[in-house]
Amino acid sequence: MESETQDLIHRSSTASDEPLKEQNEVESHQDNQPVHTFGLSLIQQPFKWISMLCRELNTSFVFGVFLVYGLSQGFTGSFARVVTDYYWKDVQKIQPSTVQLISGFNTIPWIMKPVWGVLTDAFPVWGYRRRPYFIFAGIIGTIASLIVSSVTGLPVAMALLCFVSLSVGTAMADVTIDACIATNSILKPNLAPDIQSLCGTLSSFGALVGYSCSGFLVHHLGPQAALSVMAMPAVLLILLGFVLFELKNFHGPHKEKAWEKVSTTVIGMGRTIKIPAVWKPSLYMYISLALSISTHEGQFYWYTDKSAGPHFSQEFVGMIYAIGAMASMVGVLIYHKFLKNFRFRTLLFYAQLLYGVSGILDLFFVLRWNLKLGLPDSFFVILEECTSRIITRIRWIPMIVLSTKLCPLGIEGTFFALLMCIDSLGSLTHKTAGGLVLHWLHVTRSDFRNLWLALFIRNLLRLSTLFFIFLVPNASPNDVLVPSDLLNSSESGDGIGRQEETVQLAKIGDAEGEEV
């Protein structure tokens with residue numbers, strides 16, 4: 001088994017050079033093209049890129065990424081961001097610091113991603129390891145969205161439980177597709193940046209659609225009724241559970257074997273996380289997220305306030321975020337075209353530096369200095385949102401690529417979930433800390449005098465992250481970060497069952513039982 005795994009890695013790494021050669025040939029061919037054909041070539045390039053990914057990584061994998069990242073995460077996440085803000089503000093009528101604090105509960109299902117990973121890997125249902133969990137996730141999300149959108153006078157605790165349940169469904173679906181991403185990133189390391197670019201593009205496109213219709217629906221349906229739209233992606237997860245091609249295991253595993261598999265997974269994760277090349281960048285990713293405290297709810301309440309703020313309309317708030325989503329796709333394009341081969345430490349240092357400096361725009365806006373410069377609120381807030389989204393995406397993608405490089409073959413799905421759990425813990429920390437800062441500075445529904453101070457503290461904490469950049473390896477995306485003996489170790493890989501497939505979707509027209 002060990003020799004087979006080594007041969008698989010060797011053949012995959014050799015084959016992964018081919019798409020890079022194709023890309024170089026396309027780029028050199030474009031340089032020699034006449035000017036009048038350059039526009040057509042520019043339009044065709046994204047389709048050729050997606051075609052290359054489908055050919056190298058399987059069309060079903062690309063489709064699964066589209067469904068989970070584009071709809072379940074991109075659309076639902078962006079739509080919920082606007083609609084839930086209005087729901088807490090106008091329906092539940094609670095303070096911004098309280099909203100900031102309770103919003104951290106939505107990250108708890110993401111912190112539990114290793115649990116979902118172990119469940120899907122070690123505890124099949126009715127002989128299937130993937131399909132039932134997609135169905136469960138979709139059912140939970142559908143019920144939760146219908147309850148919170150239809151029941152009037154819902155207590156705050158019950159509404160929060162519904163939103164957390166929606167996050168549970170999204171997180172469970174995300175774990176399965178992340179296992180595929182980690183596997184393909186290990187077997188074809190040269191395509192790891194392209195995979196993350198695909199995820200970022202689809203997520204941003206889904207976010208664009210979600211933001212574009214959120215303000216319109218809030219205005220015409222109201223915040224509570226608009227929440228029913230979030231049931232649609234959850235229903236698609238149920239359909240995905242039926243579309244998913246997976247061979248049924250008629251000889252269900254004994255409980256002893258299942259727990260042995262869990263034990264092997266935990267031991268492999270423990271061995272991996274102890275490696276300095278793994279725990280150091282993991283610690284940096286947590287610190288970079290935790291120190292960037294969130295003041296979003298305070299800013300949102302200020303945006304929509306009639307007296308202290310600019311009093312943006314519901315449609316315009318949605319448009320702000322929609323334009324930001326387009327800027328996020330620009331960030332993905334910039335990374336993919338110019339930055340994907342940079343060393344992790346260099347890229348993350350300058351991205352974090354820009355991230356801290358760009359926060360000054362928020363400070364200018366809240367202090368209304370933009371008006372003194374003759375810049376209207378509508379123009380300045382769009383400028384600030386676009387700048388922030390581009391820098392955030394350039395900062396985030398290399399951290400995800402780095403995370404895939406830290407996963408040992410064999411437990412890549414569960415270990416990648418662990419790394420994302422650490423990131424979610426950082427998100428929980430920065431939301432909770434932001435809520436405490438807003439409460440400490442007495443930023444309320446009507447008092448925003450100290451909001452500028454909260455933003456100033458946030459910007460200083462962002463810049464302080466640069467002192468921990470030494471934790472990031474000075475390596476390129478093509479370098480091997482996890483020791484090869486760990487990658488090939490039977491204790492960390494074979495016990496989990498490398499022979500088991502991750503996610504495969506049945507192609508339309510395939511005969512039943514035919515493996516894709």
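Trainee: At what angle do helix H17 and helix H22 pack, and how far apart are their axes?

Mentor: Let's start with the ground rules. This is a predicted model, where local features need pLDDT of at least 70 and side-chain atom pairs count only at pLDDT 80 or more, while totals for chains, interfaces and linings use all residues. Residues are numbered from 1 along each chain as its sequence is written, and side-chain values use heavy atoms, with hydrogens and water left out. Now the idea: two packed helices are described by the angle between their axes and the distance between the axes. Here, helix H17 (residues 344-358) and helix H22 (residues 451-464) pack at about 170°, with axes 8 Å apart. The axes are lines fitted to C-alpha atoms, for helices over the stretch in contact, and angles run from 0 to 180 degrees between N-to-C directions.

Trainee: What does that angle make H17 and H22 relative to each other?

Mentor: They are roughly antiparallel. The cut-offs are under 35 degrees for roughly parallel, over 145 for roughly antiparallel, 65 to 115 for roughly perpendicular, and oblique for the rest. On the H17 side, the contact involves Gln352, Leu353, Tyr355, Gly356, Val357 and Ser358, and on the H22 side Asn459, Arg462 and Leu463. Contact means heavy atoms within 4.5 Å.

Trainee: How do H14 and H20 cross?

Mentor: The axes of helix H14 (residues 276-290) and helix H20 (residues 377-405) come within 11 Å and cross at roughly 150°. That makes H14 roughly antiparallel to H20. Their crossing is left-handed, meaning the near helix is turned anticlockwise from the far one by less than a right angle (clockwise would be right-handed). Pro281, Tyr284, Met285, Ser288 and Leu289 of H14 meet Arg395, Trp396, Met399, Leu402 and Ser403 of H20.

Trainee: How many helices and strands does the protein chain have?

Mentor: The chain has 23 helices and zero strands. Helices (H or I, at least four residues) and strands (E, at least two) are DSSP runs, numbered from the N terminus. Of contacts between residues at least 6 apart in sequence, 86% join residues at least 24 apart.

Trainee: What percentage of the residues count as buried?

Mentor: Of the chain's 516 residues, 57% are buried. Buried means under 20% relative accessible area, exposed over 50%, and partly exposed in between (1.4 Å probe, protein chains only).

Trainee: Which residues touch the most other members of the largest nonpolar core?

Mentor: In soluble globular proteins, nonpolar side chains tend to be buried together. In this structure the largest core has 54 residues, and Phe79, Tyr87, Trp88, Val148, Phe163 and Phe312 touch the most other members. A nonpolar core is a set of buried Ala, Val, Leu, Ile, Met, Phe, Trp, Tyr and Cys residues joined through side-chain atoms within 4.5 Å. Helix H4 (residues 59-92) gives the most to this core, with eight residues. A second, separate core of 35 residues includes Met285, Leu347, Met420 and Val472.

Trainee: Is Asp194 buried or exposed?

Mentor: Asp194 is buried, at 0% relative accessibility. Asp194 sits in helix H10 (residues 192-221), and its side chain makes a polar contact with the side chain of Trp49 at 2.9 Å. A polar contact is a pair of N or O atoms within 3.5 Å; within protein, one must be able to donate a hydrogen and the other to accept it, and residues adjacent in sequence count only if both atoms are side-chain atoms.

Trainee: What is Pro193 in contact with?

Mentor: Leaving aside neighbours within four places in sequence, Pro193 contacts Tyr335, Lys340, Val401 and Pro477. Pro193 is also in H10 and buried, at 3% relative accessible area. From Pro193 to Lys340 is 147 residues in sequence, yet 6.2 Å in space, C-alpha to C-alpha.

Trainee: Where is Asp377, and what does Asp377 touch?

Mentor: Asp377 is in helix H20 and buried, with a relative accessible area of 13%. Not counting residues up to four places away in sequence, Asp377 touches Pro310, Phe312, Phe365, Arg368, Asn370 and Leu371. Arg368 has a positive phi of about 65° although it is not a glycine, and lies in the loop between helix H18 (360-366) and helix H19 (369-372).

Trainee: What is the phi of Lys93 near?

Mentor: Phi of Lys93 is near 55°, a positive value in a residue other than glycine. Lys93 is in the loop between H4 and helix H5 (96-102) and is exposed, with a relative accessible area of 56%.
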